Amino acid sequence: MVMLTGQCLCGALRFHFDPKGANTDYCHCKMCQRWSGAPVTAWAGVPADQFEILKGTAKAYRSSPRGIRHFCAECGSTVFMTDPEGAQIGIMLGAVDNPDGLAPTGHGWVSDQISWFKTDDHLPRWERDAPYDH
Ligand SMILES: [Zn+2]
Ligand SMILES: [Zn+2]
């Protein structure tokens with residue numbers, strides 16, 4: 001098992017995870033745009049038992065009935081999210097120290113995609129959630 005590490009901008013929050021079997025995708029939804037302040041987010045989804053916080057405590061924000069977003073209370077970095085049951089973790093790829101091996105394989109929520117944001121890939125695009133999300 002090769003664990004990947006990551007952290008928030010200030011380093012108060014550090015984590016690692018086993019990327020085995022990760023679902024990786026872009027999310028264009030408006031909630032992610034607001035949460036990150038960026039035009040698009042990119043994620044690695046893994047079962048929660050493959051993820052562990054090594055240092056610090058994430059602050060949680062319940063952004064919808066089915067999602068809890070976790071960020072660093074010191075620097076505000078957006079780091080990961082969970083479902084209410086805590087079964088799955090979505091990790092923001094920008095928070096991962098070395099995400100080169102985790103290229104996104106699809107685009108979720110293209111219904112909310114900003115018109116000027118273009119990528120030249122030919123990955124699958126879904127109007128809303130990726131099919132493996134519920
Ligand atoms: Zn921080
Ligand atoms: Zn989203």
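Residues are numbered from 1 along each chain as its sequence is written, and chains are lettered from A, with ligands numbered from 1, in the order in which they are written. Because the model is predicted, local features need pLDDT of at least 70 and side-chain atom pairs count only at pLDDT 80 or more, whereas totals for chains, interfaces and linings use all residues.

The secondary structure of the protein chain comprises 1 helix and 10 strands, where helices (H or I, at least four residues) and strands (E, at least two) are DSSP runs numbered from the N terminus. Along the sequence these elements follow the pattern β-β-β-α-β-β-β-β-β-β-β. The C-alpha atoms occupy a box of roughly 40 × 30 × 25 Å along the principal axes. The radius of gyration, taken over C-alpha atoms, is 14 Å, which agrees with the value near 14 Å for a compact globule of 134 residues; the globule rule is 2.2 Å times the number of residues to the power 0.38. Of the 134 residues, 31% count as buried, a residue being buried if 20 or more other C-beta atoms, placed from the backbone, lie within 10 Å of its own, exposed if 12 or fewer, and partly exposed in between. Two residues are in contact if their C-beta atoms, placed from the backbone, lie within 7 Å; among contacts between residues at least 6 apart in sequence, 55% join residues at least 24 apart.

An open sheet of 7 strands has the order 6-7-8-9-4-3-10 with mixed pairing, two strands being paired if DSSP finds at least two bridges between them. Its edges are formed by strand 6 (58-64) and strand 10 (107-108), each of which pairs on one side only. Strand 4 (residues 41-47) pairs in the antiparallel sense with strand 3 (residues 23-27) over 5 bridges, Tyr26 having Ala42 as its bridge partner in strand 4. Strand 4 also pairs in the antiparallel sense with strand 9 (residues 88-92), over 5 bridges, and here Ala44 has Ile91 as its partner. Elsewhere in the sheet, strands 7 and 8 run antiparallel and are joined by 4 bridges, with Ile68 opposite Thr82 in strand 8. Strand 1 (residues 4-7) and strand 2 are likewise antiparallel, joined by 4 bridges, and form a hairpin with 6 residues between them, in whose turn Gly11 has a positive phi of about 90°. Within this pair, Gly6 is bridged to Phe15 in strand 2.

Strand 4 is mostly covered, 5 of its 7 residues being buried. A nonpolar core is a set of buried Ala, Val, Leu, Ile, Met, Phe, Trp, Tyr and Cys residues joined through C-beta atoms within 7 Å; of the 26 residues in the largest one, Trp43, Val79, Ile91, Met92 and Leu93 touch the most other members. At least two residues of this core come from each of strand 2 (14-17), strand 3, strand 4, strand 7 (67-72), strand 8 (78-82) and strand 9, and strand 4 gives the most, with 4 residues. Apart from its neighbours within four places in sequence, Val79 is in contact with Cys8, Leu13, Ala58, His70, Phe71, Cys72, Met92 and Ala95.

Beyond the strands, Gln113 lies in the segment after strand 10 and counts as buried because it has 21 C-beta neighbours inside 10 Å. Gln113 and Met31 are 82 residues apart in sequence and 11 Å apart in space, C-alpha to C-alpha.
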